[in-house]
Every structure is written in structure tokens, then in C-alpha cells.
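Please keep the display open while reading.

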Amino acid sequence: MALTNAERQRRYRERRADGEPVQERPRPRPPRPKPRPARWAAALAELRTLQAEYEAWRDQLPESLAESKTAELLEGVCDVDLDAVDVELPRGFGRD
């Protein structure tokens, strides 16, 4: 016959009073990281998005700021060749 909630609680309290260790629930596993090639591709996509935003910022600078330090830095960001770092990555473990 099944125990009532009160009986189950009483037994639980008795076990705790006797010093019996309580079973802990297993912790959920942390999420598994994405594979390196997928993380590389996501990082490149994010860099391309950021570079496009910086290009739009540079293009909208007023003429008075065209020769400023900000314009130089924006130009440096826009000149970075992201296609040069878009390489084929090793897959590892003999799957190359």
C-alpha cells in the first residue's frame, strides 16, 4: 500500500535525524561547446557584421571629422581583410 504524504515526510525526517545522508539530485551537465570550426565560422560572421557597422559609421562621419583620429581608427578596422583569415580548418582525428 502506498504511503501518504504525511507518512513519507515523517520517514524522511527520521532518516535525517539518524544522520543518513540525503540523496542529492544529479546536477545537469553543462552545455557542450560547439566544435571549433563552427565557433570559428561564427566568430568570422560576427567580425564581418561588426566591420559592416564600422564602415557605415565611417561613411556617416561629418566632413569636419574626416581627418580625425576616430576616422583613422575606423579606416583601420575597415581595411582589415577578413577573407585572409577565412581558411579551411583541420577537422582532426584523421577526418582531414
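What follows is their conversation about this predicted model.

Visitor: Which elements make up the protein, and in what order do they run?
Guide: The predicted model holds 3 helices and 0 strands.

Visitor: What is the radius of gyration of the protein, and why is the protein described as more spread out than a compact globule?
Guide: The C-alpha atoms fill a box of roughly 85 × 45 × 25 Å along the principal axes, and 8% of the 96 residues count as buried. For 96 residues the globule rule gives 12 Å, and the protein is more spread out than a compact globule because its value lies well over that, at a radius of gyration of 30 Å.

Visitor: Which residues of helix α3 are buried, and where on the helix do they lie?
Guide: Helix α3 spans residues 69-79, and its buried residues are Ala 71, Leu 74 and Cys 78. Seen down the axis of α3, these fall within an arc of 65°, so they line one face of the helix. The face turned away from that buried side carries the exposed residues Lys 69, Glu 72, Leu 73 and Asp 79.

Visitor: Against which helix do the buried residues of α3 pack, and what is the hand of the crossing?
Guide: The buried residues of α3 pack against α2, residues 36-59, and residues in contact include Tyr 54 and Trp 57 in α2 and Leu 74 and Val 77 in α3. By class, this contact has 5 nonpolar, 2 polar and 3 charged residues. The two axes come within 9 Å and cross at roughly 145°, and the crossing of α2 past α3 is left-handed.

Notes:
Residues numbered from 1 in each chain as written. Predicted model: local features only at pLDDT ≥ 70, side-chain atom pairs only at ≥ 80, totals over all residues. Heavy atoms only, no water. Buried < 20%, exposed > 50% of the residue type's maximum accessible area, 1.4 Å probe, protein only. Helix = DSSP H or I, 4+ residues; strand = E, 2+ residues; numbered from the N terminus. Arc of directions from axis to C-beta. Contact = heavy atoms within 4.5 Å. Axes fitted to C-alpha atoms, helices over the stretch in contact; angles between N-to-C directions. Left-handed = near helix turned anticlockwise from the far one by under 90°. Nonpolar A, V, L, I, M, F, W, Y, C, P; charged D, E, K, R; others polar. Rg over C-alpha atoms; globule rule 2.2 N^0.38 Å.
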